[in-house]
Amino acid sequence: MLLFCPNCSNRIRIESSDRLRFACNSCPYIFNVSRKISNRTYPKLKEVDDVLGGSAAWENVDSTEERCPKCFHPRAYFMQIQTRSADEPMTTFYKCCNPQCGHNWRE
């Protein structure tokens with residue numbers, strides 16, 4: 001955190017002699033610290049977009065014989081999306097056909 005002198009607008013420094021204080025290098029300004037000074041600012045996080053398009057993306061997809069790694073159901077829905085550059089192969093995403101499981105994975 002940078003603090004500036006109210007008299008000359010130069011940056012002030014922290015001195016620790018017998019007590020903590022703020023002091024200016026350019027003018028005689030001194031501010032004695034009598035209590036703990038703290039300031040926390042938490043950044044606002046962006047909302048994460050669902051790259052697969054949410055639950056609506058799985059409505060009209062085909063299924064194939066792919067075993068679920070979680071519940072071992074023999075079939076899974078699948079879709080292919082280009083996630084990298086055009087010269088890379090497409091990424092296949094799977095969702096378990098078992099309604100109690102619904103596990104998602106990719107290959």
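Strand β6 (residues 91–96) and strand β7 are partners in the antiparallel sense, joined over three bridges. Strands here are DSSP runs of E at least two residues long, numbered from the N terminus, and two of them pair if DSSP finds at least two bridges between them. Within this pairing, Y94 stands opposite W105 of β7. The structure is a predicted model, in which local features need pLDDT of at least 70 and side-chain atom pairs count only at pLDDT 80 or more, whereas totals for chains, interfaces and linings use all residues. Residues are numbered from 1 along each chain as its sequence is written, and side-chain values use heavy atoms, with hydrogens and water left out.

The β6 and β7 strands belong to an open sheet of four strands, ordered β4-β5-β6-β7 and paired in the antiparallel sense. Its edges are formed by β4 (63–64) and β7 (104–106), each of which pairs on one side only.

A further open sheet is built from three strands in the order β1-β2-β3, again with antiparallel pairing. Here the edge strands are β1 (12–16) and β3 (30–32), and each of them pairs on one side only. From one strand to the next the twist averages 25 degrees; the axes behind such angles are lines fitted to C-alpha atoms, and angles run from 0 to 180 degrees between N-to-C directions.

A hairpin leads from β1 to β2 through three residues, and the two strands pair in the antiparallel sense over five bridges. One of the residues involved is R13, whose bridge partner in β2 is A23. Strand β2 (residues 20–24) is also joined to β3, by three bridges, and these two strands run antiparallel. On that side, R21 has N32 of β3 as its bridge partner. As background, side chains in a regular strand alternate between the two faces of the sheet.

Side chains of opposite charge can pair when their charged atoms come close. With a salt bridge taken as a side-chain nitrogen of Lys or Arg within 4 Å of a carboxyl oxygen of Asp or Glu, the count comes to two. In one, the side chains of R13 and E15 meet at 2.5 Å, N to O. In the other, R21 pairs with E15, the closest N and O atoms being 2.7 Å apart. Through shared partners, the salt bridges join R13, E15 and R21 into one network. Relative accessible area (1.4 Å probe, protein chains only) sorts residues into buried, under 20%, exposed, over 50%, and partly exposed in between. On this scale E15 is buried at 19%, while R13 is partly exposed at 32% and R21 is partly exposed at 25%.

The cysteines complete the picture. A disulfide is a covalent bond between the sulfur atoms of two cysteines. When pairs of cysteine sulfur atoms within 2.5 Å are counted as disulfides, the total is zero. C68 is in no disulfide, and its nearest cysteine sulfur, that of C101, lies 3.8 Å away. C101 is likewise in no disulfide; for this residue the nearest cysteine sulfur is that of C71, 3.8 Å away.
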